[in-house]
Amino acid sequence: MELQSMVKRSAELFAKCFGEEPRWTVAAPGRVNLIGEHTDYNEGYVLPMAIQRYTLMTGKRTTDREVTLHSETTGDTAAFSVRQRAQRGEPAWSNYVRGVVAGFQDRGQKFSGFSGVIDSTLPYGGGLASSAALEVAAATLIEALYGKVLDPMEKALLCQKAEHDFAGVPCGIMDQYSSILAKEDHALLLDCRTRETTLVRMQDPSVTVLVVNTNVRHRLAESEYAKRRAQCETAAKALGVAALRDVSSRQLQAGQTHLDPVVFKRARHVVTENERTLLMASAIQAGDWDSVGNFMYDSHASLRDDYQVSCPELDAVVEIARSLGKKNGVIGCRMTGAGFGGCAVSLVRTDALSLVTKRMEEGYERKTDNHAGIFSSRPAGGARILK
Ligand code: GLA
């Protein structure tokens with residue numbers, strides 16, 4: 001659905017829930033990460049782009065010192081007081097908004113209350129950063145409602161903290177950052193230590209980004225994420241560095257004897273992924289799509305074998321892409337996001353798009369008995385006020 005029709009739909013929903021017109025409507029996009037997976041919390045490099053799938057929030061200030069939210073995605077309503085610092089509570093999705101409100105309160109913002117409606121074209125819990133999009137949409141709405149505009153990096157950190165403290169996920173900065181700072185027709189090469197960003201143009205009309213949703217999400221996702229993060233910290237400590245970002249492949253080999261074999265494999269993923277991310281950004285800039293494809297497949301293999309965050313469904317998508325191969329218009333493919341389900345990202349020759357989509361759908365169903373959700377997206381712009 002087009003964004004402008006979404007704006008209309010959100011306003012209608014708001015009127016239905018609250019009996020009046022909303023004052024503001026904002027949108028925050030989801031993302032796919034082209035490469036640089038599980039590197040952000042190791043102070044390394046990531047290369048995400050925002051996608052044309054959004055979480056919208058529409059809202060209006062109230063004077064009752066309450067926040068009342070309706071989610072069109074889940075069909076239920078949340079209400080909480082802003083007389084004191086916002087607290088965790090039910091329903092679970094409201095914690096993303098509660099955490100953002102608390103972040104503004106911590107920065108001295110006083111709330112008179114507001115009502116809001118949440119609507120989304122982004123698959124919820126599908127590995128496309130839907131939770132970050134909700135946090136960023138909430139932060140963007142609050143900026144509009146209360147006229148307090150944050151520096152973009154501070155806004156990303158506020159949203160990340162909401163996810164840490166209110167949803168209990170020790171995520172890195174990539175998702176919130178890309179939902180805020182993304183630029184149309186570009187991927188963002190972010191150095192997660194220095195926070196320096198390089199825009200990488202992705203405008204070649206002959207190449208299309210395809211998102212393949214496995215439509216599965218395995219239970220382990222969250223506990224394993226925290227475990228991986230802890231293993232990386234163990235490796236950095238044993239190697240005597242602040243973060244795995246500081247380690248080269250050669251240093252890692254030299255330090256192997258100090259590391260438990262599993263921890264070594266985790267570190268090897270991070271070290272090689274950082275190298276691949278920088279190389280792939282240059283290859284995109286040079287239009288060297290053969291190399292881009294190889295980096296994507298190598299990244300997937302490293303996530304599957306060394307980091308062990310893939311799953312049979314993601315592996316199936318990548319195998320199908322690989323067997324279609326260059327001759328059928330597939331440039332490369334890899335899992336994207338935290339793993340254990342969610343989505344894969346593939347780069348495909350635009351003229352082969354419909355055939356590749358069809359073959360992927362059929363192949364995935366044959367291999368897994370599941371339906372894949374496949375869509376293409378151009379690199380989208382970051383969060384904004386629509387109305
Ligand atoms: C999730 C987290 C990100 C990042 C990715 C893995 O999406 O929110 O911070 O760590 O996983 O690259």
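**Loops, sheet and helix packing**

Visitor: Where does proline 91 lie?
Guide: Proline 91 sits in the loop between S5 and H2. Helices (H or I, at least four residues) and strands (E, at least two) are DSSP runs, numbered from the N terminus.

Visitor: What should I know about the model?
Guide: It is a predicted model: local features need pLDDT of at least 70, side-chain atom pairs count only at pLDDT 80 or more, and totals for chains, interfaces and linings use all residues. Residues are numbered from 1 along each chain as its sequence is written, and side-chain values use heavy atoms, with hydrogens and water left out.

Visitor: Back to the proline. Is the peptide bond from glutamate 90 to proline 91 cis or trans?
Guide: That bond is cis, with omega near -15°.

Visitor: What is the phi of histidine 38?
Guide: Positive, about 60°, although histidine 38 is not a glycine. Histidine 38 belongs to the loop between S1 and strand S2 (45-46).

Visitor: Is histidine 38 buried or exposed?
Guide: Histidine 38 counts as buried because its relative accessibility is 4%. Buried means under 20% relative accessible area, exposed over 50%, and partly exposed in between (1.4 Å probe, protein chains only).

Visitor: And where is glutamine 308 found?
Guide: In the loop between helix H9 (289-305) and helix H10 (312-324). Phi of glutamine 308 is near 50°, again a positive value in a residue other than glycine. Its relative accessibility is 34%, so glutamine 308 counts as partly exposed.

Visitor: What about H3 and H4, how do they cross?
Guide: The axes of helix H3 (residues 130-146) and helix H4 (residues 152-167) come within 10 Å and cross at roughly 125°. H3 and H4 are therefore oblique to each other. On the H3 side the contact includes Ser131, Ala132 and Glu135, while H4 brings Lys155, Cys159 and Glu163.

Visitor: Switching to the sheet. What is the strand order?
Guide: The order is S5-S4-S6-S3-S1-S13, an open sheet of six strands with mixed pairing. Two strands pair if DSSP finds at least two bridges between them. The edges are strand S5 (77-81) and strand S13 (384-385), each pairing on one side only.

Visitor: How many bridges join S4 to S5?
Guide: Five, and S4 and S5 run antiparallel. Leucine 69 stands opposite alanine 78 in S5. S4 and S5 form a hairpin with five residues between them, and glycine 75 in the turn has a positive phi of about 80°.

Visitor: Which residues make up the covered face of S5?
Guide: Ala78 and Phe80; the uncovered face has Thr77, Ala79 and Ser81. Helix H2 (residues 94-106) lies across strand S4 (66-71), S5 and strand S6 (114-120), at about 25° to S5.

Visitor: And which strands does H3 lie across?
Guide: S1, S3, S6 and S13, running at about 45° to S3.

Definitions and conventions:
Axes are lines fitted to C-alpha atoms, for helices over the stretch in contact, and angles run from 0 to 180 degrees between N-to-C directions. Angles under 35 degrees count as roughly parallel, over 145 as roughly antiparallel, 65 to 115 as roughly perpendicular and the rest as oblique. Contact means heavy atoms within 4.5 Å.
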